[in-house]
Amino acid sequence: MRAYLGTYLILLSLPVNPAVGREAPVTIVANDNRTPAGSLRDNVLTLHLEVRDGILYPEEDGGPGLPALAFAEVGRDAQNPGPLIRVHAGTMVRVSVRNPFRDSVLTVHGLGDHAGAPISALRIPGGQTREARFRASTEGTYFYWASTGDRNIEGRRWFESQLTGALVVDPPGARQDDRIFVIGVRFREGDTTLAVPRRPQDMMVINGKSWPHTERFTYDQGDTVRWRWINPSSSAHPMHLHGFYYSVASKGTWEREHTYDGEARPLIVTNLMLPGETMRVSWIPERPGNWLFHCHFAFHVSHHLVLGRSESGAIAHSATTVPHRMAGLVLGIHVKPKGVSPAVPLTSRKSRSIRLLAQMSPNRFGKLTGFGYVTQEGATEPKRDSVQIPGPMLVLKRGEPVRITVVNHLKETTAVHWHGIELESFPDGVPGWSGTPGRTMPPIAPADSFIAEFVPPRAGTFIYHTHANEQLQMGAGLYGTLLVVPADKPYDPEYDKVIIVGGAGPADSLPNFESPGLVNGSTAPPPLELKMGKTYRLRMININPDWRVIFSITSDSAMATWRPMAMDGADLPLSQRKVAPAWLLTGPGQTADVEFTPAVRGELRLEIKTMIAGWIIPMTLRVR
Ligand SMILES: [Cu+2]
């Protein structure tokens with residue numbers, strides 16, 4: 001690995017003499033995965049691939065560039081993601097791969113049939129070509145990927161991080177009218193010991209492009225949208241859709257796939273895609289306007305991913321200098337009106353009014369400022385530095401119109417997203433984006449306010465949170481529980497127990513740009529008093545900016561059980577409400593309701609901990 005890296009660095013930093021047999025870096029073009037590579041004759045796909053040194057252009061074509069390796073079809077441009085392999089089931093596939101690097105072995109994974117047996121890797125010595133031959137028997141969403149150093153998917157960092165391409169096997173004769181998205185992540189640490197110090201530069205792309213340069217999609221209201229998503233990157237990504245639920249038809253990896261049929265298909269607004277995972281989804285844009293599909297890790301949609309920053313490397317938060325903007329893993333969607341949106345049955349003609357203030361509280365996290373919401377009751381405004389972290393729980397009634405006035409008492413612009421609520425585009429909360437042509441939601445300026453009006457159509461556990469400068473604002477406390485209850489079943493604190501996990505400070509000011517965790521606003525939440533034999537509804541929310549979080553309940557001797565009831569605010573079908581071990585992995589932007597009935601007196605441990613090494617916050621369940 002070291003020998004290879006050394007060669008590679010020299011290659012990129014010096015003019016290359018063609019006489020040594022290696023070529024200068026080429027332009028790597030973004031691949032929208034619409035055109036299958038290779039040639040198909042007599043049910044045989046023939047494809048010749050090679051790996052090249054190149055430069056990625058995640059923003060404008062010809063804009064700031066980053067060196068990386070990429071796959072190319074011989075005789076064509078190098079692409080990121082690599083050339084698309086897409087065939088109907090039953091097709092014979094012959095793929096050759098050339099390794100141009102004399103001093104390293106290239107290992108290519110995933111070029112094989114997906115019937116269940118492990119796919120053997122293609123090991124290609126330096127300067128040589130090898131061929132994989134297989135019949136693609138099993139339909140699904142897969143990918144191929146390569147390493148020059150026998151690294152696994154999570155171990156591929158910067159130079160070989162984009163050595164990946166989609167491999168899709170369609171049912172025989174099926175239309176290919178869906179779209180395929182490959183997520184790319186390239187991490188590169190800074191190095192201050194170099195003669196010319198290098199700043200850290202991370203890149204995150206969808207089909208080779210970073211927001212706002214990702215492809216824009218226009219759909220007709222009511223049409224079904226079909227997507228395949230592939231995450232061959234070294235990171236997890238909780239992928240969140242604004243305004244609508246999506247249905248997951250399959251989940252898989254580069255090697256195999258699991259399909260869900262009928263009501264077993266998860267209906268969710270966020271799916272946590274782990275490194276190496278794939279999914280096939282569909283959704284119906286029922287309401288017109290502008291919407292987003294994006295990763296819910298704050299860093300993965302942050303200004304850190306904008307290339308070509310100022311020479312000082314300074315990153316500003318204040319609206320008076322460089323305003324925050326999104327970058328990275330964001331897709332923009334326009335839905336054209338076509339007919340009428342389905343109306344929510346009203347349970348009340350009158351709007352409920354809420355006044356929600358976004359405020360700051362100095363020295364809330366050590367010397368760092370906390371941001372938080374507070375509601376105004378009556379005519380007197382709360383004190384300017386009074387905040388609640390998490391924000392006050394907003395309890396709305398299904399079918400009752402609500403009119404929420406958001407007042408900005410911060411020193412920078414903000415906006416509130418009503419996460420999981422099926423609402424109109426304008427109040428959805430993405431500043432400068434939400435809305436329809438001619439009526440776009442503005443950022444809420446300091447001292448200004450914005451009125452969000454909607455009718456929640458579904459009872460469940462939702463979230464409200466800032467959708468501006470999330471690393472700072474959400475990490476520092478601008479999030480809260482949004483509970484929608486049926487008109488005839490009010491919130492019952494004796495039954496409904498909310499466990500909300502948020503950030504513990506502004507991520508940009510913390511080590512690794514990571515905000516640790518708080519559970520119900522605390523690192524040491526008080527015990528929950530429960531009665532033996534009584535059934536409770538635990539409403540678990542992960543709205544931490546950075547961490548995958550596991551919720552579990554254990555006694556001294558064993559893991560407890562619970563009954564899953566809802567995901568992301570949508571009730572599970574009866575067939576899915578089966579008693580299961582009390583263990584749940586969540587990504588930011590996910591909520592889960594379970595019913596829990598303590599069977600014996602004593603103490604149980606509800607543990608909230610990060611999936612990878614990070615932090616643990618236990619909560620005692622005291623059963624009497
Ligand atoms: Cu992400």
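These legends describe close-up views of a predicted model. Local features need pLDDT of at least 70, side-chain atom pairs count only at pLDDT 80 or more, and totals for chains, interfaces and linings use all residues. Residues are numbered from 1 along each chain as its sequence is written, and side-chain values use heavy atoms, with hydrogens and water left out.

**View 1. The copper ion is held by His237, Cys295 and His300.** The donor atoms are ND1 of His237, SG of Cys295 and ND1 of His300, at 1.9 to 2.1 Å. Donors are N, O and S atoms within 2.8 Å of the metal (3.2 Å for Na, K and Ca); water is not among the atoms, so sites may look incomplete. The sequence spacing of the donor residues is H-x57-C-x4-H. His237 sits in strand β17 (residues 237-241) and His300 in the loop between β23 (289-295) and β24 (330-336), so the pair links parts 63 residues apart in sequence. Strands (E, at least two residues) and helices (H or I, at least four) are DSSP runs, numbered from the N terminus. Both His237 and His300 are buried. Buried means under 20% relative accessible area, exposed over 50%, partly exposed in between (1.4 Å probe, protein chains only).

**View 2. The largest nonpolar core has 89 residues.** Such a core is a set of buried Ala, Val, Leu, Ile, Met, Phe, Trp, Tyr and Cys residues joined through side-chain atoms within 4.5 Å. Trp227, Trp229, Tyr246, Phe293 and Trp418 touch the most other members. Strand β25 (residues 352-365) gives the most to this core, with 5 residues. Beyond four places in sequence, the contacts of Trp229 (heavy atoms within 4.5 Å) include Phe181, Met273, Phe293 and Leu331.

**View 3. Two peptide bonds are cis.** Asn80 to Pro81 has omega near -10°. Pro81 lies in the loop between β5 (78-80) and β6 (82-88). Ile389 to Pro390 has omega near -5°. Pro390 lies in the loop between β26 (368-375) and β27 (391-397).

**View 4. Asn33 and Asp42 have positive phi without being glycine.** Asn33 has phi of about 60° and lies in the loop between β1 (26-30) and β2 (39-41). Asn33 is buried, at 3% relative accessible area. Asp42 has phi of about 50° and lies in the loop between β2 and β3 (44-56). Asp42 is exposed, at 72% relative accessibility.

**View 5. Ala174 lies in the loop between β12 (164-170) and β13 (179-186).** Ala174 is partly exposed, with 24% relative accessible area. Ala174 and His88 are 86 residues apart in sequence and 7.7 Å apart in space, C-alpha to C-alpha.
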